[in-house]
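Keep the sequence and the model side by side while reading.

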Amino acid sequence: MNTLLAVRQLSMQIETEQGVVHALDDVSFDLHAGETFALLGESGCGKSMTAFSLMRLLPTGGRIASGRIELEGQDLCGLSEAQMRHIRGGALAMIFQEPGTSLNAVLTVGQQIGEVLALHRGLKGAAARGEAVALMRQVGIPDPERRLDEYPFQFSGGMKQRVMIAMALAGEPRLLIADEPTTALDVTIQAQVLDVMAELQRTRRMAMMLITHDLGIVARMAHRIGVMYAGQLIEEAPRERFFSAPAHPYSRKLFDALPEAQRRHGRLASIPGSVPPLTMRFEGCRFAERCEQAWLRCKAEVPAWHSPAPGQRVRCHLFDPAETRRATTSFADAEQHIETVQPAAQNGLLEVAGLKVHFPIRRGVFQRTVGHVKAVDGVDLRLDAGRTLALVGESGCGKTTAGKAILWLIEPTEGVVKLDGADLVALNGASLRAMRTRMQMVFQDPFGSLNPRLRVSEIIEEGMRSLGVGGSDAARRQEVAAIMAQVGLRSEMADRYPHEFSGGQRQRIAIARALAVKPQLIICDEPTSALDVSVQAQILNLLKSLQAELGLAYLFITHNIAVVEFLAHEVAVMYLGRIVERGPVEQVLQQPRHPYTQALLAAVPRANLAAEQGARAEPNHVKGDMPSPSKPPQGCHFHPRCPHAMDICRQTYPDSKIVDNARVVRCHWVSD
Amino acid sequence: MNAFQIVVLGSDFLFALLLAAMAVGIVFAFRREHLRRTWRKVFAGRTAMVALVLLLVYLLVSVLDSLHYRPALDAQPGVNEMRRQYATEVFSLLDLALTRLRDSTEKSYSAPFAAYLYEKQMITEPDGSLRRDYPRLTHGAAHLADPNAERAGDIGLRALQGVVTGGLVWLALFLPFALIAGRKRGETLKQSCRAILRGETVLAWDAFAWALLLVCILVAVLAFLSGGYHVFGTDAIGNDVLYRTLKSMRTALLFGTLSTLVVLPLGIGLGLAAGYFGGWIDDLIQYLYTVISSIPYVLLIAAAALMMQLVIEQHSEIFNTVASRSDARLVSLCLIIGAISWTSLCRLLRAETLKLREQDYVQAARCFGVPSLRIMTRHILPNAFHIVLINLVLDFSALVLAEAVLSYVGVGVDPATQSFGVMINGARGELAREPVIWWSLTAAFIFMLALVLSANLFADAVREAFDPRARTLPRRRLLRSAAR
Amino acid sequence: MIAYLLRRLMWAIPTLIGVNLLVFTLFFIVNSPDDMARAQLGSKRVTQEAIERWKADRGYDKPLFWNSRAQGLARVSDTIFVQKSARMFLLDFGKSDVGRDINRELSQRMWPSLALALPVFVLGLFAAIVFALVLVFFRATWLDFTGVVLCVVLMSISALFYILAGQYLFARTWNLVPISGFLPGVDAWRFLVLPILIGLVSGLGANVRWYRALFLEEIEKDYVRTARAKGLSEAAVLFRHVLKNGMIPILTGAVVLIPSLFLGSLLSESFFGIPGLGSFTIDAILQQDFAVVRAMVFIGALLYILGLMLTDVSYTLVDPRVRLQ
C-alpha cells in the first residue's frame with residue numbers, strides 16, 4: 001500500500017486568555033490511498049484540531065509548533081500560504097459537522113460548487129455546470145439541474161451535507177477529511193449519507209479520514225482506527241483487531257460505557273474524573289489519573305508506543321514487553337447489579353389520550369389562520385409508577401413538544417392528560433401548581449438549562465420555594481444538601497455557579513433540581529445527547545439507581561436507540577406527530593413491526609462488527625427525508641418513504657392495531 | 001444664622017439619586033461573582049483605566065459643582081439677626097474653589113496668557129490725555145511690570161511649580177494606596193510600587209497610576225498658571241474661559257446621565273413585559289415605541305422642550321431665580337430625552353427576552369410554577385442586563401454630543417447655563433473675526449473631546465467584557481508588543 | 001409579498017394617528033390657539049377680534065379633540081385634531097402659521113436637501129464599507145488597531161466642530177469654496193462640496209467601527225471556514241463570501257434611512273445656508289410655527305415607516321432565505 005499522508009510528531013498550540021493550550025502533542029500516523037482511517041475520541045481530545053492542522057486552517061492564536069505533514073511526499077508545513085491554497089480543496093478536501101452553517105446562505109449551491117471547479121480545475125461556464133450536475137448526481141441529489149440554482153436553505157439537512165460532499169469532491173481530492181459529518185443528522189439520514197460516502201470512497205479510490213465520537217460509525221465505515229485522548233494519539237489498530245481486542249484502557253472503557261441491551265441489569269462502566277486541561281504539562285501518561293490500572297510508572301513516565309499485535313500499536317506501559325506480568329492481570333469489570341423495581345400494581349401513573357398540539361399558520365393581509373402545524377397530532381401514552389417509557393423519534397417528530405404539553409409548558413390544543421387519575425385540563429392555577437410537585441422535567445442541554453446567574457443551591461431551591469416544599473429555610477438547606485449527595489455532588493459545590501461545572505455535573509444539578517420537589521414522574525428530554533459516552537454512562541447509571549431507590553417513573557424522550565435498550569421498559573415510536581408503534585421494549589426493538597421502526601433500527605450504527613457487517617451486506621436504508629409537519633402526506637404519513645406502501649396507505653391513516661398481545665401498531669401492512 | 005443656606009436644585013437631587021443608585025449597583029456587582037469577574041475584565045485593560053481616571057475627574061468636578069448654597073448677605077444695621085437675607089445668586093462648592101477665577105473678569109475678549117485686551121480702547125493716560133491702544137488686563141498678567149519681557153519666564157516658573165506640586169500630590173495619593181495594596185499581598189512598599197508601575201497587577205493599575213500622575217500635574221500646572229493668567233483667554237464679556245469650561249463639565253455629565261432615570265424603568269419594564277407576555281401587551285408596547293421612534297428625534301425633542309419652556313415661564317412663581325429656571329430647563333430636557341429614548345433599549349430587551357424566554361432554565365422555572373414577575377426579575381433580567389449596561393454607556397457619549405447640537409437648534413439648555421453647546425454656539429461668530437478668536441472653541445473642543453473619547457473607550461471596554469458575542473482581541477498583548 | 005406590504009401599510013395608519021395625537025397633545029397641553037394667535041400676531045395689545053379672525057383663517061376655531069356642541073360623529077370629527085390630521089393623510093399640509101404654502105415649500109426645498117443628503121449617504125456607505133473591509137483584512141495588526149482608535153476619535157468629535165473647522169479652513173483660510181449659500185442648477189456643486197465632505201467625515205468613524213464589528217462577527221462563522229477549506233484566497237473569502245453576508249445587517253441599518261434623506265440635514269443646511277427642508281425645520285422650531293412642525297413630524301414618520309418597509313423588501317433581495325408573508 002502506498003502512503004498518501006504521513007503525519008510525524010505533529011504538535012499544535014493555541015494561545016488563549018487562559019494560557020497556551022497544547023491542543024496536539026506528538027501525533028504521528030499514516031494514511032494510505034483508498035483507506036478509511038477513523039479518528040475516534042471524545043470532545044476536546046484534539047481530533048478536529050488534527051484535521052484543521054492538516055488543512056492548515058488553524059483557529060485564531062493557533063500555530064503548528066513542530067512536526068511534519070507529508071502529503072504525497074510534500075511537507076505541507078513548509079509550503080507558503082499561496083501554495084497551501086492550491087492544496088486545500090484540491091488534493092485535500094474537508095467536510096464539516098454542521099452542514100446548515102457551513103454553507104454560505106446567500107450563494108446558490110451551484111455557485112459554491114462552481115467556485116471549487118474554477119479554482120482547482122479551471123472549469124467555467126457550461127463545462128462547470130455540467131460537472132456540477134454530475135457531482136450532485138453522484139452524491140444522490142435528485143433533479144440536480146434544477147437544484148443547482150437553489151440556495152442552501154431550500155435543502156434539508158441531509159441534502160446539505162450531500163452538497164458539502166459534492167463541493168469537496170469537485171477538486172478531485174486524494175484525501176477527504178470528514179469532521180463528524182453526520183453528527184447533526186438524524187439516524188435515517190445519517191445512514192443515507194454514510195452510504196453515499198462509503199460508495200464514493202470505493203469508486204474513487206480516495207482516502208478518507210473520518211473524525212467521529214461514535215463507535216457505531218467506526219464499525220460501519222473504518223478500515224483502521226486511531227484513538228485520541230487529551231491531544232495525543234493513544235492507540236492505532238485495524239478495525240477487526242480494534243473491535244475484538246482494544247488495547248488501551250481508555251479504548252476499553254469506551255466500549256464498556258456503551259449502553260446496550262445486555263447491560264440492562266447492571267451499571268455501565270464510566271470513567272471517573274474528567275479530561276485534564278491541555279494548558280498543563282504532562283509528566284506521565286495523560287490517562288493515568290482516570291485509569292484503574294495505573295501505577296507509579298504511569299504517572300512518572302510518558303509511555304512509549306508498544307505493539308501488542310500486527311498493525312496495532314498502543315501508547316501504554318501495560319504493553320511494554322517488560323511489564324507482561326501486569327498486562328495479563330484481569331480487566332474484569334466489577335459488574336454491579338441494580339435491582340430493577342418490580343412494577344407496582346398497574347396503576348397507570350400517567351395517562352395521555354388524544355393529545356394534540358397544533359400551531360396555527362397565519363397568512364395574508366389579515367393574518368387569517370390558513371392551516372396548522374400539527375406538531376403533536378393525537379398521542380396516547382400510558383406509564384406506570386416506577387417504570388420508564390421511552391418516546392423515540394427523529395428531530396421534528398414532535399416528541400419534545402409532546403413532553404412539554406404533558407407538563408403544561410405548552411398548552412395542548414386537545415386531549416386528556418391524567419396524572420394519578422386527575423385530569424390536568426380540569427385543574428386551575430392552585431391545583432395545577434400542586435400537580436407540578438409530582439411531575440418534573442430534565443432538559444437536553446446542560447448548558448442552557450441552568451441559569452448562569454444563580455448559585456447551585458439557589459437553582460435547586462427554586463422549585464422548593466415556589467411550590468412550598470421543604471418547610472423552613474434551614475430544613476430546606478438540609479434537604480438540598482441531601483439531594484446533592486444523592487445525585488453525586490459534593491456539598492461544597494452548593495455555593496458555586498454553573499459555569500464552573502462540566503456537562504455531566506450540570507446534568508446532575510438539573511436532576512437534583514427536579515428531584516428537589518419529590519416528583520413521581522420525571523420527563524427527561526434527551527438528557528444525555530449533549531454528553532460524551534463516558535459521561536452519558538454516569539448519568540444513565542444515576543437515573544437508573546434513582547429509579548430503583550425512589551420508585552420514579554421516567555418519560556424518556558430520545559433518539560438514541562442504545563439508551564432506550566439500556567433504560568426503558570416500554571417504548572413508543574413517534575413519526576410526524578403520531579405514535580406509530582408502542583409496546584414493551586424487548587418486543588419492539590427485537591422484532592419491530594412498523595416499517596418505520598424497522599427502518600430506524602436498521603439505520604442505527606452498532607458498535608459491533610457482526611451486526612454492522614450484516615447491515616453492510618444489505619444496505620436497505622430508508623429513502624428520502626421526513627416531510628414537514630405543516631404539510632403531512634395524505635394517508636399514512638410514512639407512505640412516501642415506506643417500502644411496503646399500498647394503495648390504502650396513500651388514502652387513509654391506519655388505525656391502531658394490537659399485535660403480539662402487548663403492542664400497538666398503526667400500519668395497514670402489519671397483519672394482526 | 002448660618003453664613004450660608006443650602007440649596008438643592010432639582011438636578012442636584014436627581015444627580016444624587018443617580019450616584020446613590022450607582023453606588024448600590026457597585027456594591028451589588030461586588031457581591032455577585034459573575035459581575036465581579038466581568039468588571040475585572042474591564043479594568044484589566046489599560047485604555048479603560050485611563051478613561052476611568054478622566055471620567056472620575058469629570059465626576060469629581062461635577063459633584064463639587066452640584067453642592068449648591070446661597071451665601072448670607074452682610075447683615076444690614078437694624079435688621080433682625082434672625083432674619084438674615086441670603087443672596088439671590090446660587091453658588092456651588094466649585095464656585096467657591098474657583099472664586100478667584102470667577103471674579104477675575106476683564107472687559108472683553110483676551111487671548112490665552114495675554115496681558116492686553118483683544119481690542120483697542122480709549123485709554124486715559126495718567127496725564128489725562130486719551131490714547132487708543134490695547135489696554136492692560138485687570139487680572140491677566142497684571143502682576144508683571146513688563147509683560148513682554150517677563151512673561152515667558154514667569155509662565156515657565158509657574159509651570160515648573162505646577163509640575164512639582166502635581167508630582168507631590170500624586171505621591172501623596174499613590175504611596176498610601178501602594179502600601180495598602182502591597183500589605184494585602186504581603187509585599188514591601190518598594191515591591192508593591194514596582195509591581196503596580198510595571199503593570200504586573202491583574203488590573204491595569206499601572207495605567208491608572210500614570211494617568212493619575214498626568215492628571216495631577218495638569219491640574220496643578222493649570223492652577224498655578226491661572227493664578228496669574230487667563231489660560232484659555234476670556235470671552236466676549238470678559239469671563240475666564242477656563243472657568244466656563246470647568247462649569248460646563250457638570251452640564252455635560254448631567255446631560256449624559258440624567259435621562260437614565262427615565263430610560264431604565266421604562267425600557268426595562270416595557271421591554272421585559274413585551275417580550276415575556278407577548279400577545280396584546282406586546283402589540284401595545286410595540287405600537288407605543290413605533291410611534292415614538294418614527295418621529296424625527298430632534299423634532300420631538302423640540303416640540304416637547306418648547307412645551308416645557310412654556311410651562312416654566314407660566315410658573316414663574318416656582319422658578320423664581322435664574323438658577324432654578326435654567327436648572328428646570330436642564331432637568332426637563334433630560335427627562336424629555338429619557339422619555340423619547342427608552343424605545344431603543346426597550347426594543348433590544350424585548351428581542352433578548354423573546355430569546356431567553358425559550359431558554360430551558362426559564363422553562364424549568366415555569367415547570368415549578370414560579371410566578372411571571374419572579375421569572376422576569378430572577379431569570380431574564382440578570383441574563384439580559386449586559387444589554388442595559390452597554391446601552392447606557394453607549395448612550396452617554398451620544399448624549400453629550402447631542403447637547404451641543406440641541407443648543408444650536410435652539411432647544412438646548414438655557415443660555416444662562418454654562419455648557420459646551422453654549423460655548424460652541426458663541427464661537428460661531430468669533431471665528432469670523434480678524435484676528436480669529438479661537439480660544440473658546442478650542443477649550444470647549446479639548447474638554448469635550450476628552451470626555452466623549454474616554455466615555456467611548458470605556459464603553460468599548462465594557463461592551464467587550466459584557467457582550468458574549470464581542471470579540472476579545474488580546475489588547476494588552478498588542479500594546480505590549482508595540483512598546484518593544 | 002404584496003399582502004405583507006399591504007398589511008404593513010395598514011399598520012402605518014394607526015401609527016401615524018398616534019404620532020399626530022402625540023404631537024397635538026404636546027403642543028396644546030400648554031398652548032391654547034389663543035396663545036398661538038397672540039404669539040404670531042406679535043403685539044400685546046392685539047384685539048380679541050383679530051385673534052378670532054386669525055384662528056378662523058387657520059382652522060383653529062374649533063375644540064381640540066371633542067366637540068360637545070356638535071351631533072353624532074361630528075363630535076369627534078369636527079375638531080382641530082381630526083380636521084388637521086385628516087388633511088395630512090391626503091398629503092395636504094395647508095398653510096404654515098405665518099401664511100406660507102407648506103406643500104409648495106416642501107416641493108421646492110426637497111431637492112437641495114436631497115442634493116446634499118444623497119451623496120453623503122451613498123459615498124458614506126461606500127467609504128465605510130471599504131474602510132471596514134480593509135481593517136478586517138488587516139485584522140489584529142497595527143493597521144487595524146490604529147484604524148479603530150482613529151474611528152473612536154472621529155466619532156468622539158461633535159459634528160459642530162467638523163462644520164466650524166471645515167468652514168474656517170476650506171472656506172475662510174484657503175478660499176477653496178464659498179462659506180455658505182446656494183445656487184440652483186449645476187452651480188450648486190461649489191456650495192455642496194464642503195458640506196458633503198463634512199457629512200462624510202463626521203459619520204465615518206461610527207460606521208466603519210460598526211461595519212468592522214459586523215464583518216468580524218461574520219468571519220468567525222462556519223461557512224467562512226468552508227470557503228477557506230476550498231482554497232480560496234483571503235481576498236476572495238472577504239469579498240465574495242463575507243461581504244455578501246455582512247451586507248444583510250448593513251442594509252437593515254442603512255435602507256431605513258433612505259426615505260428620510262428627503263428631510264435633509266438640520267445642521268449642515270442651516271450652517272451652510274442651503275435652502276432645504278432641514279433649515280426649514282429649524283426655522284419653524286425657532287419661530288414656533290406649529291403647522292410646519294406638525295407637517296414635518298408627519299412626513300418624517302411617514303418616511304420612517306416607508307423606510308421600514310423598504311428595509312423588508314431589500315431583505316428579500318439580499319437574503320434568499322427571507323420570504324415576506
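Two strands are taken to pair if DSSP finds at least two bridges between them. The model is a predicted one. With that criterion, chain A has an open sheet of eight strands in the order 18-19-20-15-21-22-24-23, and the pairing is mixed. Strand 18 (439-442) and strand 23 (657-659) of chain A form the edges, each pairing on one side only. On average, neighbouring strands of this sheet are turned by 20 degrees against each other, direction ignored.

Within the sheet, strand 15 (residues 388-392) and strand 20 (residues 553-558) of chain A run parallel and are joined by five bridges. One residue to look up is L389(A), whose bridge partner in strand 20 of chain A is L555(A). A helix also packs on the sheet: helix 22 (residues 595-603) of chain A touches strand 21 (570-575) and strand 22 (578-584) of chain A. The direction of helix 22 makes about 100 degrees with that of strand 21 of chain A.

In chain B, consider helix 10 (residues 260-277). The buried residues of helix 10 of chain B include T260(B), V263(B), G267(B), I268(B) and Y276(B), along with the run from L270(B) through G271(B), L272(B), A273(B) and A274(B) to G275(B). Among the elements that cover these buried residues are helix 1 (10-31), helix 9 (241-257), helix 11 (279-294), helix 13 (322-357) and helix 15 (372-409) of chain B. After helix 10 of chain B comes G278(B), with a positive phi near 65 degrees.

Chain C has 14 helices and zero strands. Its C-alpha atoms fill a box of roughly 85 × 55 × 35 Å along the principal axes. Of the 325 residues in chain C, 40% are buried. Among contacts in chain C between residues at least 6 apart in sequence, 67% join residues at least 24 apart.

Finally, chain C touches chain B. Chain C gives 41 residues to the contact and chain B gives 40 residues. On the side of chain C, the elements that give two or more residues include helix 7 (142-155), helix 9 (188-219) and helix 14 (290-318) of chain C. The largest share, eight residues, comes from helix 1 of chain C. By class, this side of chain C has 32 nonpolar, eight polar and one charged residues.

Notes. Residues are numbered from 1 along each chain as its sequence is written. Chains are lettered from A and ligands numbered from 1 in the order in which they are written. This is a predicted model: local features need pLDDT of at least 70, side-chain atom pairs count only at pLDDT 80 or more; totals for chains, interfaces and linings use all residues. Helices (H or I, at least four residues) and strands (E, at least two) are DSSP runs, numbered from the N terminus. Axes are lines fitted to C-alpha atoms, for helices over the stretch in contact, and angles run from 0 to 180 degrees between N-to-C directions. Two residues are in contact if their C-beta atoms, placed from the backbone, lie within 7 Å. Ala, Val, Leu, Ile, Met, Phe, Trp, Tyr, Cys and Pro count as nonpolar, Asp, Glu, Lys and Arg as charged, and the others, Gly among them, as polar. A residue is buried if 20 or more other C-beta atoms lie within 10 Å of its own, exposed if 12 or fewer, and partly exposed in between; C-beta atoms are placed from the backbone.
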